[in-house]
Number of protein chains: 2
Amino acid sequence: MSKRTTYCGLITEDYLEQEVTLKGWVHNRRDLGGLIFVDLRDREGHVQIVFNPSFSEEALQVAETVRSEYVVEVQGVVKKRDPETVNPKIKTGNVEVQVSNIEIINKSQTPPFAINEENINVDENVRLKYRYLDLRRQELAQTFKMRHQTTKSIREYLDGAGFYDVETPVLTKSTPEGARDYLVPSRVHEGEFYALPQSPQIFKQLLMISGFDKYYQIVKCFRDEDLRADRQPEFTQVDIEMSFVDQEDVIEMGEELLQKIVKDVKGVELEGSFPRMTYAEAMARYGSDKPDTRFGMELIDVSELGETMDFKVFSNAVNSGGQVKAIVVEGAADKYTRKDIDKLMEFVNIYGAKGLAWVKVTDEGLNGPIARFFEEEHVSRLSELTQAKSGDIVFFVADSVKVVAQSLGALRLKLARELDLIDESKLNFLWVTDWPLLEYDEDAKRYVAAHHPFTSPKEEDIAKLDSEPENAQANAYDIVLNGYELGGGSIRIHNEDLQAKMFEVLGFTEEQAREQFGFLLDAFKYGAPPHGGIALGLDRLVMVLTGRTNLRDTIAFPKTASATCLLTDAPSEVSDKQLDELSLRIKH
Amino acid sequence: MSKRTTYCGLITEDYLEQEVTLKGWVHNRRDLGGLIFVDLRDREGHVQIVFNPSFSEEALQVAETVRSEYVVEVQGVVKKRDPETVNPKIKTGNVEVQVSNIEIINKSQTPPFAINEENINVDENVRLKYRYLDLRRQELAQTFKMRHQTTKSIREYLDGAGFYDVETPVLTKSTPEGARDYLVPSRVHEGEFYALPQSPQIFKQLLMISGFDKYYQIVKCFRDEDLRADRQPEFTQVDIEMSFVDQEDVIEMGEELLQKIVKDVKGVELEGSFPRMTYAEAMARYGSDKPDTRFGMELIDVSELGETMDFKVFSNAVNSGGQVKAIVVEGAADKYTRKDIDKLMEFVNIYGAKGLAWVKVTDEGLNGPIARFFEEEHVSRLSELTQAKSGDIVFFVADSVKVVAQSLGALRLKLARELDLIDESKLNFLWVTDWPLLEYDEDAKRYVAAHHPFTSPKEEDIAKLDSEPENAQANAYDIVLNGYELGGGSIRIHNEDLQAKMFEVLGFTEEQAREQFGFLLDAFKYGAPPHGGIALGLDRLVMVLTGRTNLRDTIAFPKTASATCLLTDAPSEVSDKQLDELSLRIKH
């Protein structure tokens, strides 16, 4: 075995006339006029290697036996290609290697799908079962190169800024707040369980109490929840915490970090600070706490029409404390037939909206089934409020505040995608601030933390915890990129009494709070510094930066929506001996 | 809240006459002649701050109320200390801060143990329960700073050398080989379990098959084994794999990596290549596969005495295929009484040795209970073989090869520690090569892999797999530092037939091999490159580099020997609802 000279994908004119040794995979083979052309591939790309009886009869004979995905080693001389065969699309396109010697290192059966075709039309389950082959596709392999660059960039920034990378436990304690825990039975302590962490939240706070001052970790977290396309049972979090800081400090650090990542990974220099918006404004203007600001089509409050128009759908909504809101789809009047709009109506139903009203604006006035409810004054008021002009469609949802936001917010995104209104080259970061501290959980009949129970209320809202908890705001902030929530953080509670109060508001008895979080309450007794931080979802960040839409493409060995690994067939049954050692029995 | 100027521990003469803002913990407080002196501490160290009515009456009054571990913010001017109060032991020892303003940020109860005393004599269980306080001790905090530097150094080297950091799954498949798995019940797939990985071994091999070429990960691994002082249920591995390499390539990379770490973390330049030793030589000379080469006292084979001496203990051992080996403890004849030696005898009993023979060498000949068995020729032969001289003790173990190695190897270490023969400033790296491929497991009555089932046999030993598997050597290597196994690796099997053969030798039926490792055998069908790698135990590496002897000191939130977290009280009981969702019942 000789040493390889360099990667196949790096053979350029720098190597002209040099004898090189290359090792890689046969990407494809073409036999032409007694010659054999092979694209030899490795992680850096591929290079054309040529077998010609005048270079080596023997090598040509071996080349006749190679097939796709064989692993070979070759020696040969790098030559300029004939001008007419130059391939400007690839780095190595000006050269070829004239092979004097080839050795087959390993053979390959015909793969279940071709590696050398882009956008292959193969069932994802097959690709997941043969993940090691799918990962050979340059498109996917590039994603992991960029993921590596992303974590490298993150570490460079945080190391440079004085953060310590500290590991926190994976085998930890189950807590009832938040999502469902993955449990790990203990063999030594019969009937007891560890839990896999949903985040290192409490440990990073303890590290602040220990005086570590600045902590980070790129760390696996776990949630045993029903999975959607953009969720995985295990996901990676960039977890950051700082002492003696306020919200501005964390936001400033977060912007510097994200700007460096974008520069290192995308080569893009982002100018100035990221825009900010309060939670209330985001919900009002976009119907979303993670607005995609790459396009307009904002939600417009036209509730006043409900007060003056003789249209029950509008007036009922307003009278029962709800809203009427509209979005204007510019120039789309001709693009949406009644049938199309019926489908949009079904779409908003998913988000709880009972209906979707609409008018088309024409030079002659409004068109559509509800146009007749609009008196002249309403038409002109609508025009003033929405700036809708001839050729536009205006969609309305009249419902509770929550349903209006959810349904119109979702419709806005759907229409923008359908009408191709989104500039995919943009990277629109946005801070969403001033979150509510609590949400009322209708099922549990109690307040739950909007972020988590360790988030501090705004100083001036602490008094509201007793009187009107629903109106207390938090020192919490989310960072949004192109409509994806990249992460969020908060300034934490660092005072024992306030933390105890918070547990009380969340419906914990004193005993429950102590049993679950006693060690944290204790830690606050011994000189806890003010602290706060942020956590970013690495998988999602990589997804957006690499322009993918499927979170699985950013994870080397992902799981399906039923949390199965199709490659290894995990989870699987275990032996009775294993269950016995854990004192467990399966309950059928 | 003002911004702090810098860390307390960084206030040097650079800040003389400047007004600074500091935040930190009250390390201690001394009231002297109407003044108050406080050492204010943060992660970088501490600085003396002084309260004097002439600086601020108000600040002095507040200072009278502060106690140890209070968190405070102060403003003041940095001044030179009086010459007689300079403390040359600390960075800030030339200066003090004359405080004009103090604010108490958070109070502290009296901690369960003092933070400001080194080598505190406190029960480890108390320190683990209040881990966040123990981590405030500079000695321990420094370990985590060095751990951070270590991982940073590792990443810098590997990133620079073209390795990609790729994450592999934590929820994976249980396999019966190796140690006991931690299991994670699946909620979606009733009666099925994930396992936490003992190492990412198979995934990193799959990444090589995918063409990633160079992979690394600093990753948590898990073993549900009974714990010893130097084991934790979760531990961190520096996991590395490379394609198209042989043993020399991996060893060269490993040396470069370790040399960079030692330089970055300890400031020590290691010269040249690390020494190497075969497994057979290490066992023969040191009775250990991870010899501590910082001192001599090697094992000397004196079996020939068993053939000529009329001493049953020696002759029986030799006649039954065993050995007689000796170690010489120089100048120790006066240091060990018969009573002391009786204790050493008990010590070797632990390792299976039935006895410990010994002689003291004097100017007049040999002394001790077995001296009389030594005829003149034996005395002179012993002298030739061992070079023992007057004043030395020679210890002998006569037993099976294995027991001789284990017991004398352990005794050698014990004596060296007792007699302070080890130069603690040394960093003795050593490669141990040419490992046996297999070990015979007396309990299981079958061969087990000495490293793991994916380790390749030496090319020339493949034939031995059928005829004499016990004599097959592996392309495997361990890296040892000061008698600790830092890690190990191997060139892997990349051929389906050889891997199948290996499973067969290990006693797998074809069906079992397919069920457990079918996906790996399949992957070998599609063009697997030759590959190999290494894995280093990060916790242990940090332990040795920081001069600690307890692995727990290198882990921020460690577990006890019964795998309990005394801080959070994990593992713990979970609710019936949680068990129901997992279809599990506890079997009492």
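Where in chain A is His451(A) found? His451(A) sits in the loop that runs between strand 19 (446–449) and helix 13 (464–467) of chain A, where helices (H or I, at least four residues) and strands (E, at least two) are DSSP runs numbered from the N terminus. This is a predicted model, in which local features need pLDDT of at least 70 and side-chain atom pairs count only at pLDDT 80 or more, while totals for chains, interfaces and linings use all residues. Residues are numbered from 1 along each chain as its sequence is written, and side-chain values use heavy atoms, with hydrogens and water left out.

**Annotated positions, first group**

- An unreviewed UniProt entry places the feature "binding site" at Glu177(A), Arg223(A), His451(A) and Arg492(A); such annotations may be inferred rather than shown by experiment, and the positions are given in the numbering used here, with feature names shortened.
- His451(A) counts as partly exposed because its relative accessibility is 27%, the classes being buried under 20% relative accessible area, exposed over 50% and partly exposed in between (1.4 Å probe, protein chains only).
- Apart from residues up to four places away in sequence, His451(A) touches Trp435(A), Ala476(A), Tyr477(A), Asp478(A) and Gly489(A), contact meaning heavy atoms within 4.5 Å.
- Arg223(A), in the loop between strand 9 and strand 10 of chain A, is partly exposed at 29% relative accessibility.

**Annotated positions, second group**

- The UniProt annotation "binding site" (unreviewed entry) also covers a set of residues including Arg223(A), Asp224(A), Leu538(A) and Arg540(A).
- Asp224(A) counts as buried, at 3% relative accessibility, and its contacts, not counting residues up to four places away in sequence, are Arg180(A), Asp181(A), Tyr182(A), Arg187(B) and Leu582(B).
- Leu538(A) belongs to helix 16 (residues 538–545) of chain A and is buried at 0% relative accessibility; among its contacts beyond four places in sequence are Arg147(A), Ile154(A) and Glu167(B).

**Helix 4 of chain A against helix 4 of chain B**

- The axes of helix 4 (residues 138–160) of chain A and helix 4 (residues 138–160) of chain B come within 12 Å and cross at roughly 140 degrees, which makes the two helices oblique to each other.
- Here axes are lines fitted to C-alpha atoms, for helices over the stretch in contact, with angles running from 0 to 180 degrees between N-to-C directions; angles under 35 degrees count as roughly parallel, over 145 as roughly antiparallel, 65 to 115 as roughly perpendicular and the rest as oblique.
- His148(A), Lys152(A), Arg155(A) and Asp159(A) meet His148(B), Lys152(B), Arg155(B) and Asp159(B) across this pair of helices.

Key. Chains lettered and ligands numbered in written order.
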